[in-house]
Amino acid sequence: MSEKNLFKILISPHISEKSAVLIEKKNTVVLKVQKNVNKYDIKIAIQKLFNVKVKNINTLIVKGKNKRHKNYIVYGHQWKKAYVTLHHGENLDFIGTRNK
């Protein structure tokens, strides 16, 4: 897999209260990923880009919300979320500064 494709797999980190708690307690990072990739591709991309060891990956598809606009129902976009659990002692650093 080329390095260009690795950057296309991972879209962005998903920031929420739940993801902040998971980072602290279970060393799990939540990421938005492309909808058509599998767990193996996500694992390879994270290990090559960030030089960390991945313990486990769980994925789910987040359904888009339905909204009413006048007489029409508009559907939101679906997207895929990946919960990436890292081995003990590993740290996924998005900004480029590691805590030592």
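Colleague: Which residues lie nearest the centre of the largest pocket?

Modeller: Keep in mind that this is a predicted model. The lining of the largest pocket is made up of 11 residues. Those nearest its centre are Pro-13, His-14, Ile-15, Ser-19 and Ile-23.

Colleague: And how much space lies in that largest pocket?

Modeller: By class, its lining has seven nonpolar, three polar and one charged residues. The space in the largest pocket comes to about 170 Å³.

Colleague: Which element gives the largest share of the lining?

Modeller: Two elements, α2 (17–26) and β2 (28–33), each put at least two residues into the lining of the largest pocket. The largest share is four residues, and they come from α2.

Colleague: Is Asn-27 buried, partly exposed or exposed?

Modeller: Its relative accessibility is 21%. Buried would need a value under 20%, and exposed one over 50%. So Asn-27 counts as partly exposed.

Colleague: What about Asn-51, buried or exposed?

Modeller: Asn-51 lies in the loop between α3 (39–50) and β3 (54–62), and its phi is positive too, near 55°. Its relative accessible area is 64%, and the cut-off is over 50%. So Asn-51 is exposed.

Technical notes:
Residues are numbered from 1 along each chain as its sequence is written. This is a predicted model: local features need pLDDT of at least 70, side-chain atom pairs count only at pLDDT 80 or more; totals for chains, interfaces and linings use all residues. Side-chain values use heavy atoms; hydrogens and water are left out. On a 1 Å grid over the protein atoms alone, a cavity is a set of points where a 1.4 Å probe fits but cannot get out, and a pocket is an open set with protein on both sides within 12 Å along at least five of seven lines; lining residues have an atom within 4 Å of a point. Grid points are joined across faces, edges and corners, and a volume is the space filled by probe spheres set on the points. Ala, Val, Leu, Ile, Met, Phe, Trp, Tyr, Cys and Pro count as nonpolar, Asp, Glu, Lys and Arg as charged, and the others, Gly among them, as polar. Buried means under 20% relative accessible area, exposed over 50%, partly exposed in between (1.4 Å probe, protein chains only).
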